[in-house]
Amino acid sequence: MLGYILRRVAGFAPVLFVIVSLSFFMMHLAPGGPFDQERALPDQVRANIEARYHLDEPLWRQYLRYLGDVARGDLGPSFRYPDRSVNELLSLGFPVSLTLGLCALGVALALGGAAGILAGLRRNAFVDYLTMSFALFGVSVPNFVLGPILMLVFALGLGWLPVAGWGSWRHLILPSVTLGTFYAAYVARLTRAGMLEVIGQDFIRTARAKGLREATVILRHALPGAILPVVTYLGPASAAVLTGSVVVETIFSIPGIGRYFVGSALNRDYTMVLGTAVFYSVLLLVFNLIVDVLYAYLDPRVQVR
Amino acid sequence: MAMRARDWIVTLTVLVAVSTGGPFLTPGAEAQVFRINNMVEPESLDPGVVTGVPEHRILSNLFEGLTTTDPKDLSPRPGMAASWTVSKDGLVYTFKLRNARWTDGKPVTAHDFVYAWERVLNPKMGAKYAQQLFYVKNGEDYNKGRITDFSQVGVKALNDSSLRVTLRCPTAYFLDLTSFYTLYPVPRWAIEAHGKDWVKPGKIVSNGPFRLVSWVPQRELVLEKNPQHWDAGRVKLQRVVFLPTDDVNTAYKQFLTGESDWVPQVPTSQIDAARSRPESYVTPYLGTYYIRFNVTKPPVNDVRVRKALSVAVDRESLTKFVTKAGEIPTSAFVPAGMRGYEGVKSLGFDMAAAKKLLTEAGYQDGKGFPKVELLYNTNELHRVVTQAVQQMWKENLGIHVDLVNVEWKVYLARQNSLDYQISRAGWIGDYVDPNTFLDLWVTGGGNNQTGWSNERYDDLIGQAACRIVNPKDRMRALQEAEKILVVDDLPIMPLFTYVNKGMLGRRVKGWYPNILDMHPLKYISLGR
């Protein structure tokens with residue numbers, strides 16, 4: 001197993017190399033540069049800045065320089081925020097994005113799990129249709145619509161929660177729900193399907209025949225089997241929640257990594273774009289690895305070589 | 001000893017109040033905390049590095065230049081300089097510094113200014129706003145590396161408390177410039193000790209009426225009153241919180257729930273609802289929204305076509321029904337309200353004249369008018385404005401113009417390389433003088449980007465910049481230049497003067513509307 005993990009980690013290097021190279025050249029191919037602005041800079045001032053960031057060098061040399069820096073773990077200075085390095089901004093933003101992501105996953109599991117169990121137990125009943133309609137709604141409504149609606153209701157209308165910002169648990173609720181709803185909907189459908197499959201099986205009938213309480217039958221005996229598809233979905237979902245919070249972070253003014261991703265691309269903040277791309281890539285690679293390893297544990301049919 | 005039930009309730013209430021912040025705290029403690037929606041994360045806190053308005057809102061309170069600005073009419077007031085004298089020819093300014101201190105207790109000296117200005121002009125620094133110091137004698141040459149001896153540049157510390165500045169040309173608005181962040185003093189010892197980290201909390205040394213408490217990127221930046229400041233007696237606010245909310249809809253909602261006291265923008269889609277509220281304010285801004293013509297490309301290389309396009313747009317309707325925030329329709333480029341500047345009477349909406357001009361240019365009723373594109377960058381306001389202009393041209397002239405929407409950097413690159421026919425644009429002045437609008441259009445100017453060139457125009461701008469000392473004559477020269485720009489040649493067609501449209505909490509006092517939307521915090525207080 002350890003050998004397998006090491007081999008996979010070694011395999012990250014070429015993948016990252018390709019990602020960095022592609023991103024680097026695509027970024028530089030895009031029209032405009034980091035120091036184009038409404039108020040054009042005098043030529044000499046522009047030349048001074050470009051010299052400072054080595055942008056006056058031929059592209060291949062900038063590329064080699066960047067590869068060398070990345071290999072050492074240095075993602076360079078941010079062009080947009082010259083007081084800070086990309087590493088610093090990412091390390092400040094990541095714990096925030098992680099907190100938000102975990103809370104959103106919690107929302108997804110709690111809401112989706114409960115809805116899925118209910119729907120699975122009352123198949124084709126009103127509750128089933130109701131929860132599944134909500135699930136459909138959750139999958140279909142984009143978070144840039146849901147977020148502002150939640151704000152209108154819970155912050156402006158009822159005054160229970162703050163509109164935006166970061167700093168207390170009250171700031172976490174609306175963004176977590178906004179981000180988690182999409183995944184909750186998925187979890188609900190998966191749980192329902194799992195529940196339907198398990199509930200008809202012999203060991204459940206046995207459990208009931210032994211006279212166990214219905215709650216025990218469901219939670220102790222049926223649920224573990226029913227949520228197996230959910231567990232396999234968690235890996236990609238975690239990665240997606242972490243890398244997919246761009247819109248939610250912007251709407252709710254949350255100081256995570258997502259805030260930098262779009263902004264830096266639009267601003268042609270080369271180092272920041274590449275930095276976030278590298279960071280997200282590593283994150284996705286690691287999560288994929290974790291999922292594959294977990295598979296091996298959970299499902300004896302999967303063997304790791 | 002067990003707590004009694006009442007104690008428990010009190011304790012719990014306090015805990016809840018503390019953990020939830022905001023509304024439960026006692027009003028007394030929160031009374032002088034001013035919360036500003038600053039709309040973006042400041043790019044830096046280094047006065048030599050920054051270029052933006054959001055940064056100005058912070059830095060103009062954290063640091064202080066030779067002069068400060070009057071909160072009502074923005075005229076220069078004493079700052080670090082207690083007084084100054086100006087030579088007869090308007091070239092030499094001698095500033096007498098007051099007895100002021102940095103936040104670490106060191107005195108603010110004339111040498112701190114010399115160090116700061118050298119730093120900005122030094123080519124190695126790559127300061128984006130170095131041109132703010134090109135007014136100083138030899139400043140530009142030093143920045144361009146033509147001279148390397150800084151003692152030749154026109155700034156000299158005569159002693160610790162006297163600073164002598166020699167200008168290249170008599171500059172009427174130089175005392176306005178000295179209140180601008182690029183010209184602030186900076187603490188050499190702190191910069192040398194910490195490098196680029198010198199602006200971080202705990203390391204920063206500043207000299208303004210407020211000092212930095214905390215700064216978490218994309219979350220908030222907090223200033224508090226600096227009790228050591230020379231004018232601390234005037235300062236009422238205890239704390240100021242800057243929120244970097246990017247999303248203008250969110251920022252607006254934060255204002256409505258009381259999470260902020262001032263938001264300097266209102267979403268275009270909410271403008272009607274916002275204006276019906278008593279907290280809403282709309283004031284003229286030192287900025288012009290206009291359309292650029294690329295005069296090197298047909299059909300807009302023909303001045304008759306440009307004129308026809310300009311007089312075919314009904315700017316009154318545009319501002320009344322499309323932009324709707326109270327923008328001021330204009331076909332002049334310099335906004336009204338400049339001290340001592342009369343402005344020009346420019347072309348108005350005239351359908352008959354438009355048709356006639358177009359016919360003269362060979363396109364009767366728009367027949368045979370070539371394919372033309374109008375370029376704009378992604379933005380709700382620009383979309384609706386360009387659509388309205390497109391519609392007016394179609395109805396009034398019978399010509400069709402395609403709208404081309406590109407993202408910001410592509411838009412800038414295409415304008416810069418003259419890869420467009422017509423584009424929307426905007427210009428915000430740096431200081432209150434017509435020159436900040438008119439010197440754009442000199443031949444080859446970095447912001448001209450129309451391919452337009454006019455010898456007489458260049459000459460007039462050159463005269464106003466340096467050769468005319470009498471203020472009245474100078475304004476007349478600028479006025480003649482503007483007439484060439486917007487009446488005779490029209491490389492551009494202005495549409496309206498921008499307005500500041502924002503929301504201000506009703507308990508905010510000492511906040512005065514002005515043309516730059518600048519509100520020095522030392523004059524602001526919060527009432528009941």
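**View 1. Thr288(B) finds its bridge partner in E16(B): Trp427(B).** This is a predicted model, in which local features need pLDDT of at least 70, side-chain atom pairs count only at pLDDT 80 or more, and totals for chains, interfaces and linings use all residues. Residues are numbered from 1 along each chain as its sequence is written, while chains are lettered from A and ligands numbered from 1 in the order in which they are written. Helices (H or I, at least four residues) and strands (E, at least two) are DSSP runs, numbered from the N terminus. E12(B) pairs with strand E16 (residues 422-428) of chain B in the antiparallel sense over 7 bridges; pairing here requires at least two bridges found by DSSP between two strands. Strand E12 (residues 280-293) of chain B also pairs in the antiparallel sense with strand E17 (residues 492-504) of chain B, over 10 bridges. There, Tyr290(B) has Pro494(B) of E17(B) as its bridge partner.

**View 2. Four strands of chain B make an open antiparallel sheet in the order E4-E5-E7-E6.** Strand E4 (81-86) and strand E6 (155-159) of chain B are the edges, each with a single partner strand, so one side of each has no neighbour in the sheet. On average, and ignoring direction, neighbouring strands of this sheet are turned by 20° against each other. Further in, look for strand E5 (residues 92-97) and strand E7 (residues 162-166) of chain B, which run antiparallel and are joined by 5 bridges; Phe95(B) has Leu163(B) in E7(B) as its bridge partner. Helix H4 (residues 110-121) of chain B lies across E5, E6 and E7 of chain B and runs at about 165° to E6(B). Axes are lines fitted to C-alpha atoms, for helices over the stretch in contact, and angles run from 0 to 180 degrees between N-to-C directions.

**View 3. Helix H3 (residues 53-62) of chain B is mostly covered, with 7 of its 10 residues buried.** A residue is buried if 20 or more other C-beta atoms lie within 10 Å of its own, exposed if 12 or fewer, and partly exposed in between, with C-beta atoms placed from the backbone. The buried residues of H3(B) are Glu55(B), Arg57(B), Ile58(B), Leu59(B), Ser60(B), Asn61(B) and Leu62(B). Their cover includes strand E1 (33-37), strand E8 (210-216), strand E9 (220-225) and strand E10 (239-243) of chain B.

**View 4. Helix H7 (residues 169-199) and helix H9 (residues 214-226) of chain A pack at about 125°, with axes 8 Å apart.** H7(A) and H9(A) are therefore oblique to each other (under 35 degrees counts as roughly parallel, over 145 as roughly antiparallel, 65 to 115 as roughly perpendicular, and the rest as oblique). H7(A) passes H9(A) in a right-handed crossing; a crossing is left-handed if the near helix is turned anticlockwise from the far one by less than a right angle, and right-handed if clockwise. H7(A) brings Thr191(A), Gly194(A), Met195(A), Val198(A) and Ile199(A) to the contact, and H9(A) brings Ala222(A), Gly225(A) and Ala226(A). Residues count as in contact if their C-beta atoms, placed from the backbone, lie within 7 Å.

**View 5. 40 residues of chain A are in contact with 41 residues of chain B.** H2(A) gives the most to the side of chain A that touches chain B, with 6 residues. By class, this side has 23 nonpolar, 9 polar and 8 charged residues. Ala, Val, Leu, Ile, Met, Phe, Trp, Tyr, Cys and Pro count as nonpolar, Asp, Glu, Lys and Arg as charged, and the others, Gly among them, as polar.

Notes
Two residues are in contact if their C-beta atoms, placed from the backbone, lie within 7 Å.
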